[in-house]
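Here are a few exercises to work through with the structure beside you. Try each task first, then follow the solution step by step.

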Amino acid sequence: MTSTALHDLGVAQLAAELRERRVSAVEAAQHFLARAQAHQNLGAYVAVNPDITLAQARAQDAAIAAGTAGPLAGVPIAHKDIFVTKGFPSTAGSKMLAGYQSPFDATVVTKLADAGAVTLGKLNCDEFAMGSANENSAVAPMGFDAPAPVRNPWATDRIPGGSSGGSAVAVAARLAPAVTGTDTGGSIRQPASFCGITGIKPTYGRASRYGMIAFASSLDQAGPMARSAEDCALLLSAMCGPDPDRDSTSLDVPAENFSAKLNDSIDGLRIGIPAEFFGEGLAPDVRAAVDGALKEYEKLGAKLVPISLPRTQLSIPVYYIIAPAEASSNLSRFDGVKFGHRAKDYTDLVDMYKKTRAEGFGDEVKRRIMIGAYVLSHGYYDAYYLQAQKIRRMIADDFQNAFKSCDVIAGPVAPTVAWKLGDHGNDPLADYLADIFTLPGSLAGLPGMSVPAGFGEGGMPVGLQLLGNYFQEARLLNAAHRLQQATDFHLRRPEGF
Amino acid sequence: MTAKLIHGYEVVIGFETHTQLATQSKIFSRAPTAFGAEPNTQACAVDLALPGTLPVMNREAVACAIKLGLALGSHIAPVSIFARKNYFYPDLPKGYQISQFEIPVVQGGEVEFFLGDEKKTVRLVRAHLEEDAGKSLHEDFIGQSGIDLNRAGTPLLEIVTEPDMRSSEEAVAYAKELHKIVTWIGICDGNMQEGSFRCDANVSVRKPGQPLGTRREIKNLNSFKFMQQAIDYEIRWQIEQIEDGHAIQQATVLFDPDTGETRAMRTKEDAADYRYFPDPDLPPLHISEQWVQDERAQMAELPRTMAARFVADYGLPEYDATTLTQSQSMASYFEDAVKLAGPKEQEKPLAKMVANWMLGELSATLNSRGLDITQSPIGPELLGMHVHYVFNQKVSNPKALFKALLEAEFKSFDNLVEQIDALVKAKDLTPMNDSGALEKIIDEVIAANPDNVAQFRAGKDKAFNALVGQIMKASKGKANPTQVNELLRAKLAG
C-alpha cells in the first residue's frame, strides 16, 4: 500500500492495515506529521514533537509484532491542547500557559495510549475552551510566530467553529485520522458540524476530566472527533470508564464497546424533533440539509416524533451564568505564583496578580471571569447563579419528559454554517447566540453528536445533531452509522486535502 | 445562674476551632501530611493545583467528622455539600479553599465540662470539613516571600460554637474540653505548637439584658495560656472603649504574646466577598447510616459515656467522674487501680478512695513535678495496693505510706504484698491493732486529762477532739482514729 493514500483511511481501516502489518506505525506517524507540516497554514496544530511521536510509534510496532497490540495500535491521533500531556506543551490556547509542561498525562490521553494510539501533537483551541470560532486562541500555531486564525479547510476565509477548532480542522483536512476534543457548551459538536466531520460528546461523567484543563467543571466533557461514527466509536470505547481515584465526577459506569451495536437496525427508531430547534433563527440552508437527513432516517424506518423542549431559549442565559461562574473560580489558580505566566515588573503582591492576569488572559476569558465573579458575588448569587441552577434542572427535566415519546432527538447543531473569519469579532453575543442548539444538551449532561448531513451556503458543511438519553451513546452511534451507510456526506472532502 | 459581670458588663464568647485531622494523607489528594518536612516535599500535583488536577475526597477525613459528631451528640448530615471559598493568596494554590458552607457534615451537638464544680454546656452550631492552606514564609527571603505548600490540603474540621461562654475561664475550659475530646477519639494529635488545634475566639461585651454587642474575633490562639490572656485583654479593651464612648467596630484581631495586647488585622469594611458556591468538582458527600454505625462500633468509649458509667458503676460523684475522664490514660489508670485495690464487692468504696488519692495527693505530686499521669512514679498497681492497705487499715499513716511508695524503688511487681509489708514495717507504719494496748493508752489519757473529760461531759465536743489528739500522739500515730473514736466514746459514756 502506498503511503500517499494513508490519510484517506478511517481509523477502523488504518488500524486493520497496521494490525496486518501492511503499514507500520512509524510510517503512519511520519505520514501524518508530514501532512501536519505541509498544511500548517490552517493553524490546526500548535505543537508536535516527532521524537516522542516516533518513539511511541516504534513501541506500537513492537507491540503489533509481539501480538500484544491494543485496538488502536499505531493509530496516530492528536489531542486538543486542553488536555495535559507529558512531552508536549499544554497551553489551553492561553498566553498564561505558554510553554507549560505538565508532569502527567490526562486520563483520556493515557487511556488512548493504552489502547495503542500514538500522539502526533497538540491542537489549537479557543483559550481555555472559551469560544465558538477558535478566534480566541492566544497561542502561535505551528509554523507561526504569533497567534493566527485557525482556518476551515472547506473555505479558508471561514472559521472552523470552536472551541475544538484545531481538532475539527485536523480531521477535515486529513492531518490526523481522529482527534480528541472537549465539549462544554457544544465545543465538539459545533466545529464538527462546521468542518463536516463526526464528533460525539458522551454523557457527563463517562470520560474522566482528570488532566483536562478546566473551563466549567459541571459541563466539561471529553470526546472523540473523526470522520465517521464507526471511528468515533473506536476512540470513545477507549476513552470512557470510571476514574474514581482522580475525578470525583467520573461515573461508576463501566467502559463499553461502542462499536458493538453500530449496525443494528433502526427500523422503528423514534426520533424526536424539537419544535424549538426549527424556529425563526434557523438559516434556510441549514434547515434544508437537516430536513434532508431526517428524510433519510424515515427511509431507514425511523419515525419522526414532534417534541418540545420549551426552555431552549433559556439555555443561553443559564449557560452564560453557570459556565462563567465556574470558570471564574477554576481560573483563579493562574495567579503567577506557581506556574505559567508572571508579569515582569510589579510593586507588590496585588500588583503582581493584576498585571499577571491582565497580561496572561485574553479578552474573552477576562469577560467570562468578570461575568462569573459578578454572578457569584454577595447579593447577586441568588438572583443569578441559584436561579440559573434551578432552570438548569428544569431543562434536564424537559429532556426526560421528551424521552418518554422518543429514543433520540435530532435537530441542527448550529443555526448557520461556519461564518467568515472576523465576522463576529466585536460581538461576543453573536457567538453566544449561535450556541443555542448545543447548550440544552450540555446543561442536561446528555450525550450528543454531530453527524455530517449535507452542505449549505458557500458549499459549507452542515451537521445534524443527535441527542440521546444518559448512557445512550451506543444508540446515537448506531443511528449515526446507519445514516452514514446510506449517505456519503462524511466521505466528502474539502478540495486540496 | 447569672453570669459574672465585669464592671457591669456581661462577656459573650463563641469559638471557632480549626482541628487538623490525624489522617495519613491529605483531604483531597494522596500526598502525606507529615509535619516538619522540607518545604514543598509533601505536596503533589493536586496540592499544587496544577492544571487538570481534581480533588478526590479522603474517606478517612470523613470518618473523623463522623467520630466527632458521635462524640458530641451532633446530627451527622446524610448529605453535605462542599463549597469553594474564593480568594487570592499565594499560599492558597487554587485561588479558592474547598470548605463546606451551607450544609456542613456535623450539625449541632454540645460540649459539657466543669468550671470548678459547676457543670457547663456549650452548644455547637456546626463542624465542617475543609482543607488547610500552605504557609507563607517571610523571614528567610529578603524582599520576597517563600511559599511552602506542605500544609496545603491538610484536612481540617472547623468546629463552631454558639456564643455560650461568659468568661475567659469558661472559654479556656471549653477549649480544654474540646481538645480532650478530639485527642481522646483520635481524630487530632492535639499538638497546639504545630498548629493542630487552633482557636479563634469571638468576643463581645454587653450590659445584661441587652442584645449581643459587636464582636471582635481573636485569631489563631494556639496555647491555653495565651487564650486566657488574649480574651482578658480584649474584654478590658472593649469595656474601656465603650466606657469612653467609642463604639466597637467588628474586626479580626491578633494577640501579641510579647505585649499581651490584641491588635486589629482587618475591619469589616475590608472583609472579602468569598463568592461561595458549591464545588462542581465534588459531588455531595453522602454518609450512610451504616457508615455511622460502623464508626460508632469502632469508637472507644467516649469520655461522657465513661463518666456516666463511673457514676453508675463506681458510685463516684459527677465531678470526680468527669475529672477522671480527662484523658484515656487517666481513666484507665483509675480503673486499673480500682481493680487491684480489692474485690468486686468493695468496689464502690475502693473506687471513691482511689479517686480521692488520684485527685488529691497524686495529682499534687504530678503537678509539682510537671508530669502527666503516664509518667507517674506511682503506677496504677502501686496506687491500687496503697488504697488496699489504707482501706483495710493495714497502715497507720496513709500519707506516710504514699510518700514511702513515691520514694521506694520496686525492681519488680512480683510479691508486691511482701514488698509493701516490708516497707510498712521498715517505716514503722504498722497500725496498732492490739485493742488491749490501745485501751491502756486511752485509760492513761483519760486519767491524765480530767479537765477535758469534764468539759466533754459538759457538752463541749472540742474537748473530745483534744483527747483523741492526745491518744494519737501517745500511740505515735499508729492508732486507728476510727477505733480510737469508738473506744474513747464508749469509755467516756461508761
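**Exercise 1. Find what percentage of the 494 residues in chain B is buried, and say how spread out the chain is.**

Step 1. Buried residues account for 39% of the 494 residues in chain B; a residue is buried if 20 or more other C-beta atoms, placed from the backbone, lie within 10 Å of its own.

Step 2. A word on the source: this is a predicted model, where local features need pLDDT of at least 70 and side-chain atom pairs count only at pLDDT 80 or more, while totals for chains, interfaces and linings use all residues. Residues are numbered from 1 along each chain as its sequence is written, and chains are lettered from A in the order in which they are written.

**Exercise 2. Describe how domain 1 and domain 2 of chain B touch.**

Step 1. Locate the domains: domain 1 is 5-293, domain 2 is 301-426 and domain 3 is 435-493, with bounds from an automatic or database domain assignment.

Step 2. The centres of domains 1 and 2 of chain B, taken over C-alpha atoms, are 38 Å apart.

Step 3. Seven residues of domain 1 and eight of domain 2 form the contact, where C-beta atoms, placed from the backbone, lie within 7 Å.

Step 4. On the domain 1 side, strand E8 (110-115) and helix H2 (168-184) of chain B each give two or more residues. H2(B) has the largest share, three residues.

**Exercise 3. Work out how helices H9 and H11 of chain A are arranged.**

Step 1. H9 (residues 315-330) and H11 (residues 363-376) of chain A pack at about 100°, with axes 7 Å apart. Axes are lines fitted to C-alpha atoms over the stretch in contact, and angles run from 0 to 180 degrees between N-to-C directions.

Step 2. H9(A) and H11(A) are therefore roughly perpendicular (65 to 115 degrees).

Step 3. Among the residues making this contact are A:Tyr320 and A:Pro324 of H9(A) and A:Ile369 and A:Leu376 of H11(A).

Methods
The radius of gyration is taken over C-alpha atoms; the globule rule is 2.2 Å times the number of residues to the power 0.38. A residue is buried if 20 or more other C-beta atoms lie within 10 Å of its own, exposed if 12 or fewer, and partly exposed in between; C-beta atoms are placed from the backbone. Helices (H or I, at least four residues) and strands (E, at least two) are DSSP runs, numbered from the N terminus. Angles under 35 degrees count as roughly parallel, over 145 as roughly antiparallel, 65 to 115 as roughly perpendicular and the rest as oblique. Two residues are in contact if their C-beta atoms, placed from the backbone, lie within 7 Å.
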